[in-house]
Amino acid sequence: MELCGKKKLHALSLAEKIQVLELLDESKMSQSEVARRFQVSQPQISRICKNKEKLLADWCSGTANRERKRKRESKYSGIDEALLCWYHIARAKAWDVTGPMLLHKAKELADILGQDFVPSIGWLVRWKRRNNVGFGARHILAPPFPPEPPPPAPTPQAQLPLSLKDFSPEDIFGCVEVPLLYRAVPGRVGTCDRVQVLLCANSRGTEKRRLLVSGPQAAPRCFFGVSSEALPASYHPDLAIPWSEWLSQFDRDMGRQGRQVALLMAARVVEEVAGLPGLCHVRLLPLSAANPTPPLPSSVVRAFKAHYRRRLLSKLAAAQSERAGTSLAEVGAGITVLDALHMAAAAWAKVPLQLIVSSFIREGLAPSKTPLAQDQASEVLEVLQVPGGLSLEEFSRFVDLESEEPVSGACKEEVGPADEEGGGEDSFEPLPTKADALRALGTLRRWLECSGTTPELFENFYACEEGVERLCCL
């Protein structure tokens with residue numbers, strides 16, 4: 001009787017795995033039927049479906065070996081990734097890259113990264129196989145992000161999705177620079193109340209980048225003693241957005257996550273950063289001025305501004321109730337850039353995920369198997385809760401206040417507590433101590449107890465109280 005030998009494992013290459021995914025998406029075949037067609041087990045097909053996003057990312061990167069059946073991660077992934085980035089830059093500049101040159105560069109990168117690593121010929125061979133790198137016959141590997149042909153021609157909106165098909169919706173980001181009159185009140189627009197806010201989010205609304213607020217003051221007095229790391233947003237002491245610095249940080253963040261993403265930007269900004277080297281993980285996709293589609297949907301920007309205006313009016317009304325006889329304009333003069341930074345972060349957090357998703361799809365900035373109809377889009381748009389004392393038309397005009405002509409006048413420095421009490425120019429409010437923080441918690445709790453508040457607000461207070469007490473113990 002002949003004994004059955006052990007069943008031979010049949011591993012699929014990357015190209016075959018992509019064929020499996022396409023077959024499952026485009027046909028009604030079950031996983032078992034697909035497994036029989038490719039002569040593999042059903043659990044292997046199930047694992048392919050589970051790793052779908054990663055497989056598609058490797059396929060679209062252009063650097064993965066599509067005939068390779070198993071992907072073994074390098075022990076020195078940081079060096080591996082940095083060397084691949086340098087290699088693409090070198091090939092884009094038509095440098096003659098040789099094996100010894102790669103070994104020398106890998107050693108340099110290892111020293112920079114502080115790793116005890118000596119590259120060998122065997123490691124280089126495996127690195128080339130992992131990243132689909134080959135030299136023979138003067139082969140030049142195109143970089144994953146080829147530069148845009150200068151000058152960039154205006155891209156019709158109907159053709160825009162074609163340039164986004166290589167990216168999953170989670171990896172398509174849009175960013176826009178938004179002017180914001182941070183302490184303006186209805187009916188009054190000042191020339192010195194303007195800051196610039198940089199908004200950035202992906203088309204699925206699952207990632208909102210940390211806000212960047214740029215203001216005209218180099219060192220606002222309200223920032224005295226404040227730890228910038230503890231703030232919910234970043235502040236830049238110049239009205240001009242530091243695009244090069246921001247993009248470099250974005251690229252590093254995506255590199256740490258091992259991602260390749262697309263970033264929609266205004267064409268003029270892309271021209272400004274054209275000479276920025278080393279963007280290995282972010283592909284800049286410019287939208288020309290002739291294209292009416294903004295890099296970040298206008299409905300998302302308007303939702304952010306509406307939340308900010310509502311929060312600002314709420315803050316001004318509370319302050320006005322404490323200071324009888326004062327106007328909103330007088331109370332608004334006490335709003336600082338630091339106040340605006342906190343309100344902007346809170347407003348950005350309140351922009352709903354569903355609104356971001358529908359807005360990207362409706363503007364044609366993200367792929368969708370089922371296009372969002374106009375009536376469906378209107379259902380997911382945020383219903384504005386108009387603050388008391390304003391009609392819907394008045395609040396809508398207040399939200400779009402930046403489009404109005406500002407009132408000319410001399411610029412005044414922000415009014416702080418020391419100024420209100422008659423302090424001198426160099427006087428600052430004393431920094432609060434731990435004892436001050438604990439006393440403030442007691443005062444706030446007592447006020448809530450006497451005001452007949454809701455249990456939900458008390459729950460939020462308990463969370464805040466616990467966090468403050470934990471900080472006091474550090």
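The crossing of helices α10 and α12 is right-handed, the term used when the near helix is turned clockwise from the far one by less than a right angle, with anticlockwise giving left-handed. The model is predicted: local features need pLDDT of at least 70, side-chain atom pairs count only at pLDDT 80 or more, and totals for chains, interfaces and linings use all residues. Residues are numbered from 1 along each chain as its sequence is written, and side-chain values use heavy atoms, leaving out hydrogens and water.

Helix α10 spans residues 298–322 and helix α12 residues 337–350. Their axes lie 8 Å apart and form an angle of about 130°. That makes α10 oblique to α12. Angles under 35 degrees count as roughly parallel, over 145 as roughly antiparallel, 65 to 115 as roughly perpendicular and the rest as oblique. Axes are lines fitted to C-alpha atoms, for helices over the stretch in contact, and angles run from 0 to 180 degrees between N-to-C directions. Helices (H or I, at least four residues) and strands (E, at least two) are DSSP runs, numbered from the N terminus.

On the α10 side, the contact (heavy atoms within 4.5 Å) includes V300, F304 and H307. Among its α12 residues are M343, A347 and W348. The residues of this contact divide into 9 nonpolar, 1 polar and 4 charged. Here Ala, Val, Leu, Ile, Met, Phe, Trp, Tyr, Cys and Pro count as nonpolar, Asp, Glu, Lys and Arg as charged, and the others, Gly among them, as polar.

Helix α15 (residues 392–399) also meets α10: its buried residues pack against that helix. They are F395, F398 and V399. Buried means under 20% relative accessible area, exposed over 50% and partly exposed in between, with a 1.4 Å probe and protein chains only. The face turned away from them carries the exposed residues E393 and R397.

S359 belongs to helix α13 (residues 353–362). S359 counts as buried, at 0% relative accessibility. Not counting residues up to four places away in sequence, S359 touches P297, S299 and V300.

L441, L444 and L448 of α17 are among the contact residues, as are F458, F461 and V468 of α18. This contact divides into 11 nonpolar, no polar and 5 charged residues.
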